[in-house]
Amino acid sequence: MLRQLGEFDRSFSMLDELRRRMDRMWQDWDTDGYSTELSSADAWPRVNVFDAGAQIVVQADVPGVNEKDLQIAMNQGVLSIAGERKAEAPEGYVVHRRERAAMRFSRAFNLPVPVEVDKTSATMKDGVLTITLPKSPEAQPRKIDVSSR
Amino acid sequence: MDTGSKMTKYDERAPERVQQRVTVTPRVDVYENANELLLVADIPGATKESVSIQLDKGQLTIEASRREDKIGSPLVAEYRAIDYARVFAIPQGIDGSKIDAQLSGGVLRLRLPKSEALKPRRIEVRAN
């Protein structure tokens, strides 16, 4: 009898899980796939990559990360961004809420075209890291004139 | 909230959007010591001008927005122009005129000083 009850219980937990998944689906649909809830499952940092013609621009959200705690590397066409966000609990304060975790992070991107590593630059503004990677001369967009005869 | 009530209340909860912007809840740390509350929020990409902080009837509202950078054609897009918004219930006795906000490196730091009445006080015992 007890065993049966246990199975009964389990089937309800499956239903609960189903409902959770459905909820999540609705939410993704509501927000066009942009997760507005606090979740640690997202890749961190969030990254945008643009093809700006003569260069590839990579932007990453790294709020609260020091410039010197960031390592950016290029290796065989793979750009990697790694770093650490240090905990900054101020001295002598009681913690009421803590959502901004200290963490180590690392992401790597396969760049679609060869780039000039020497001319690559990286800047930080408002917690956004911008890496500008000029394309190699052979990958630069080129205009081809049409001649008429 | 379960899916059923979410669907039935959809109209009230989500008025039609005028802009194609999504409002995101920023991650926040809250600390307190004897003199003040300290609120730290991650709002990457938001400029100082876009941040608005309001304290009204014990509700602290933080709002900010980030613009979309139009650099070229996107290859990977994990974020875009969004609004940040979050509301906190603030205990009484916070001196609204002395709130100090500082934005650096995408992190907003709000200092909410307590009024004199709220600060802990040491009471001397007299002997006679």
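In the predicted model described here, Asn48(A) stands opposite Gln59(A) in strand 2 of chain A, strands being DSSP runs of E of at least two residues and helices DSSP runs of H or I of at least four residues, both numbered from the N terminus. Because the structure is a predicted model, local features need pLDDT of at least 70 and side-chain atom pairs count only at pLDDT 80 or more, whereas totals for chains, interfaces and linings use all residues. Residues are numbered from 1 along each chain as its sequence is written, chains are lettered from A and ligands numbered from 1 in the order in which they are written, and side-chain values use heavy atoms, with hydrogens and water left out.

The pair formed by Asn48(A) and Gln59(A) belongs to the antiparallel pairing of strand 1 and strand 2 of chain A, which extends over five bridges; two strands are taken to pair if DSSP finds at least two bridges between them. These two strands form a hairpin with three residues between them, and Gly53(A) in the turn has a positive phi of about 85 degrees. On strand 2 of chain A (residues 55–61), six of the seven residues are buried, so the strand is largely enclosed by the rest of the structure; buried denotes under 20% relative accessible area, exposed over 50%, and partly exposed the range in between, with a 1.4 Å probe and protein chains only. Strand 2 of chain A also pairs with strand 8 (residues 128–134) of chain A, in the antiparallel sense and over seven bridges, with Ile131(A) as the bridge partner of Val58(A).

These pairings are part of an open, antiparallel sheet of five strands in the order 7(A)-8(A)-2(A)-1(A)-6(B). Strand 7 (121–125) of chain A and strand 6 (73–77) of chain B stand at the edges with a single partner strand each, so one side of each is left without a neighbour in the sheet. Neighbouring strands of this sheet are turned by 20 degrees against each other on average, direction ignored, where axes are lines fitted to C-alpha atoms, for helices over the stretch in contact, and angles run from 0 to 180 degrees between N-to-C directions. The link between the chains in this sheet consists of four bridges that join strand 1 (residues 47–51) of chain A to strand 6 of chain B in antiparallel fashion, and Phe50(A) stands opposite Pro74(B) there.

A further pairing between the chains involves strand 5 (residues 94–98) of chain A and strand 2 of chain B, which run antiparallel over four bridges, with Arg98(A) opposite Asp29(B). Four of the five residues of strand 2 of chain B are buried, so this strand is largely enclosed by the rest of the structure. Strand 2 of chain B is also joined to strand 3 of chain B by five bridges in the antiparallel sense, Val30(B) having Leu39(B) as its bridge partner, and a hairpin connects the two strands through three residues.

Within chain B, four strands form an open sheet of mixed pairing in the order 1-7-5-4. Its edge strands are strand 1 and strand 4 (52–56), each of which pairs on one side only, and the twist averages 25 degrees from one strand to the next. Strand 5 and strand 7 of chain B are joined by eight bridges and run antiparallel, with Thr61(B) opposite Val87(B).

The largest nonpolar core has 21 residues, and among those with the most contacts inside it are Leu39(B), Ile43(B), Tyr84(B) and Phe88(B); such a core is a set of buried Ala, Val, Leu, Ile, Met, Phe, Trp, Tyr and Cys residues joined through side-chain atoms within 4.5 Å. A second, separate core of 17 residues includes Ala60(A), Val62(A), Phe109(A) and Val115(A). Leaving aside neighbours within four places in sequence, Ile43(B) is in contact (heavy atoms within 4.5 Å) with residues including Val51(B), Ala64(B), Tyr84(B) and Leu108(B).

One cavity of 30 Å³ or more is found, a cavity being a set of points on a 1 Å grid over the protein atoms alone where a 1.4 Å probe fits but cannot get out, with lining residues having an atom within 4 Å of a point. The largest cavity holds about 70 Å³ of space, grid points being joined across faces, edges and corners and the volume being the space filled by probe spheres set on the points. Its lining includes Asn48(A), Phe50(A) and Gln59(A), together with Arg66(B), Glu68(B) and Tyr79(B).

Conventions
1 Å grid on protein atoms, 1.4 Å probe; cavity = no way out; pocket = protein on both sides within 12 Å on 5 of 7 lines; lining within 4 Å.
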